[in-house]
Amino acid sequence: EAKDERVLLYKVNLDRGMDAETAMQLYKEAEASSDNESNSSATNIGAVGGFGVGQVRVIKSGFYIDRRDVFKEVPRMFLIINQGRASNNCVVVRPNEGKKIWTKEFVWKTWLHGNACQLTLCTDINQAMVTWKKEFDLADRPSSERYQRYCYGRHTESCIFGGDIIPILNKILASSNLNGIGLANDMSLVMPDVVRVEPPGKTPEDDSANEVTESTVDEQAEDEDDSSEPPAVGHKVALKMLGGSVFRGAITECKDDPESFITTFTDGSVVEMSTDEVNKARQLFDTEWTKLVVDADVPKAVASSIEVHNSVNAQAQGATRRPILPAGEEKTTEEYEKIFEEEYDGDVPNVLVGLEFPKKELRLYSQSAHDHVFIPFWQFVLRKLAERLLEEGAHSSRELLNLENAERVSFSRGNEIISRLD
């Protein structure tokens, strides 16, 4: 919106797979959480570990194997984690694809009791680890290459939207709307994922080991609820779901007999917690706040917010304006996004928090090529944003550069005149 606010596009090389050691750690966390949940006083209103109308169906967390003959190199391996009473979803992990979220209904009907695929629960965990490692190693190739039928490599490139997202978030979402552009698509609105990207080898343990300055801690104490105070309505909390996702929320009701607290989270879930559980949830919120502010350079106000639309931001501003398009090409290009694009040579953050659109392509007609071309969805969003800016009469990157150069010349001449008068 303002000339000094910029949306940054990061190209990130990703290994989307999960090795056997990490998968085993998730499995152990799921097992421990399952044991704790059976003895916990926390209940979820409107959702339970099982699901379905009438006969309750329960998905057991564990390693599953697909033994169909179509997989010649290695049986397909799955780690399915039932997220329990606080969610209607499961985390599904593959050695080559990493973690994905699916509804319990989908997992039940598609993988556990599907017509084509019926996964088998692994009873020998050691053998499951051997098979998992074999498939993980086979997937050590680009995502465009297959190592067997239906199975592709784990190395891919992704584009992440960062920078000053908050002021134009609604416009970004509107630009992902496929209605009215003459395309046959199953989804009219394509929603991005909120992602956190960390360098290789970085773990949650590394986060806790990061040095937090005294001033940062003091600022947090001023802005956030004091976790040493008794829990009260409005205090912010966080809930870690099985599989690693963390949802933020707040205490919305306090009960006296017995003492418990109703908490509401950004995913819509409502969870009743005991005093001990709600205190741990408040501590988790403080931990996540510190990660966002210290590691990802997210503004304190945004890191503190529990509003869904304020969940993404990253401050990064370049000092030099360098338009992508050479002078004179703005009137002829049909790649409108390049009219507003600039090269960026600022620092890359250690931890990146941003938006990632699905890896899909759209078929559009190109006037210059006189044929249809395919562009990635992230580029389509940028193009729609650029078209909106052109309609609004916004200055291009070249025009802003010329204006800034003129301002510098005018300022320099003004100083020269003042010096002569002196």
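**Cysteines, aromatic pairs and a buried arginine**

At 13% relative accessibility, cysteine 122 counts as buried, whereas cysteine 254, with a relative accessible area of 36%, is partly exposed. The model examined here is a predicted one, and the count of disulfides in it comes to zero.

The aromatic residues were considered next. A pair of aromatic rings is described by the distance of the centres and the angle of the planes. In this model the count comes to ten aromatic pairs. One of them is formed by phenylalanine 63 and tryptophan 132, whose ring centres are 5.7 Å apart and whose planes stand at 80°, an edge-to-face arrangement. Because phenylalanine 63 lies in strand 3 and tryptophan 132 in helix 3 (residues 125–138), this pair ties together parts that are 69 residues apart in sequence.

Phenylalanine 78 belongs to strand 4 and tryptophan 111 to helix 2, so the pair ties together parts separated by 33 residues in sequence. Here, too, both residues are buried, phenylalanine 78 with a relative accessible area of 2% and tryptophan 111 at 12% relative accessibility. The two residues are also members of one aromatic cluster, which is formed by Phe78, Trp102, Phe106 and Trp111.

Phenylalanine 78 and arginine 94 are 16 residues apart in sequence, and the distance between their C-alpha atoms is 5.2 Å.

Helix 2 (residues 104–112), which carries tryptophan 111, has as its buried residues Lys104, Val107, Trp108, Trp111 and Leu112. Viewed down the helix axis, the buried residues of helix 2 fall within an arc of 115°, and they therefore line one face of the helix. An α-helix has 3.6 residues a turn, so residues three or four places apart point the same way. The cover over the buried residues of helix 2 includes strand 3 (62–66), strand 4 (76–82), strand 5 (89–94) and strand 6 (98–103).

Arginine 154 is situated in the loop between strand 9 (151–152) and strand 10 (155–163), and, although it is a loop residue, arginine 154 is buried, with a relative accessible area of 5%. The side chain of arginine 154 is joined to that of aspartate 15 by a polar contact of 2.5 Å. Apart from residues up to four places away in sequence, arginine 154 touches Leu14, Asp15, Arg16, Gly17, Pro95, Asn96, Phe136, Ala139, Asp140 and Arg141.

How values were computed: Residues numbered from 1 in each chain as written. Predicted model: local features only at pLDDT ≥ 70, side-chain atom pairs only at ≥ 80, totals over all residues. Heavy atoms only, no water. Buried < 20%, exposed > 50% of the residue type's maximum accessible area, 1.4 Å probe, protein only. Helix = DSSP H or I, 4+ residues; strand = E, 2+ residues; numbered from the N terminus. Arc of directions from axis to C-beta. Contact = heavy atoms within 4.5 Å. Disulfide = S-S within 2.5 Å. Polar contact = N/O pair within 3.5 Å; in protein donor to acceptor, adjacent residues only side chain to side chain. Phe/Tyr/Trp six-rings, centres within 6.5 Å; stacked < 30°, edge-to-face > 60°.
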